Amino acid sequence: MHLAKVIGDVIATRKDENLVGLKLLLIQPLTPAREPAGRALVAVDAVGAGVGEEVFFVRGKEAGFPFYPVEAPVDAGIVGIVDHWHRG
């Protein structure tokens, strides 16, 4: 599981039929110090996140699990919205 900030929406008029109805968001991975870490990527939203929120995301085959039994062709998925986090 990784942390990221939602930095934008992605609109796709043509996409795989298993993605119809799913929201795509542009996310920027973050370090524990809330600094950008690497390149931004597109993730499918499973929790109703919005631009400006910090989120948890997963990569790989697990990214499609929230949409079972549909086999969504995704490799990054938002699985949680961060309410608060503190680094000790």
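Start by selecting Asp45, which sits in strand β3. The model is predicted: local features need pLDDT of at least 70, side-chain atom pairs count only at pLDDT 80 or more, and totals for chains, interfaces and linings use all residues. Residues are numbered from 1 along each chain as its sequence is written, and side-chain values use heavy atoms, with hydrogens and water left out. Strands here are DSSP runs of E, at least two residues long, numbered from the N terminus.

**Stop 1: around Asp45**

Is Asp45 buried or exposed? Asp45 counts as buried because its relative accessibility is 8%. Buried means under 20% relative accessible area, exposed means over 50%, and partly exposed lies in between (1.4 Å probe, protein chains only).

Now show the side chain of Asp45 together with Gly48. The Asp45 side chain reaches the backbone nitrogen of Gly48 at 3.0 Å. This is a polar contact, a pair of N or O atoms within 3.5 Å; within protein, one must be able to donate a hydrogen and the other to accept it, and residues adjacent in sequence count only if both atoms are side-chain atoms.

Lys23 lies in strand β2 and Asp45 in strand β3, so the pair ties together parts that are 22 residues apart in sequence. A salt bridge is a side-chain nitrogen of Lys or Arg within 4 Å of a carboxyl oxygen of Asp or Glu. Lys23 counts as partly exposed, at 35% relative accessibility.

Next, select Phe67. It is placed in the loop between β4 and β5 (76–81). Phe67 counts as buried, at 13% relative accessibility. Draw a distance between the C-alpha atoms of Phe67 and Asp45: they are separated by 10.0 Å, and the two residues are 22 apart along the chain.

**Stop 2: the barrel**

Switch to cartoon. Five strands form a closed barrel with mixed pairing, in the order β1-β2-β3-β5-β4. From one strand to the next, the twist averages 55°. Axes are lines fitted to C-alpha atoms, and angles run from 0 to 180 degrees between N-to-C directions. Two strands pair if DSSP finds at least two bridges between them. Strands of a sheet pair through backbone hydrogen bonds, either parallel or antiparallel.

Walk the pairs in turn:

- Colour β1 (residues 2–10) and β2 (residues 23–29): they run antiparallel, joined by six bridges. Lys5 stands opposite Gln28 in β2.
- Move to β2 and β3 (residues 41–45), which pair antiparallel over five bridges. The partner of Ile27 in β3 is Leu41.
- Go on to β3 and β5, paired in the parallel sense over two bridges. Here Asp45 stands opposite Ile78 in β5.
- Finish with β4 and β5, antiparallel over five bridges. Val55 stands opposite Ile81 in β5.

**Stop 3: around Glu54**

How many salt bridges does the model hold? The count comes to two. One has been visited; for the other, select Glu54 and Arg34. Glu54 forms a salt bridge with Arg34, the closest N and O atoms being 2.9 Å apart. The pair links distant parts of the chain, 20 residues apart: Glu54 is in strand β4 (residues 54–59) and Arg34 in the loop between β2 and β3. Arg34 counts as partly exposed, at 38% relative accessibility.

The side chains of Glu54 and Trp85 make a polar contact at 2.8 Å. The Glu54 side chain also makes a polar contact with the side chain of Arg34, at 2.9 Å.

**Stop 4: the surface**

End on Met1. It is found in the segment before β1. Met1 counts as exposed, at 69% relative accessibility.

Note on methods: Helix = DSSP H or I, 4+ residues; strand = E, 2+ residues; numbered from the N terminus.
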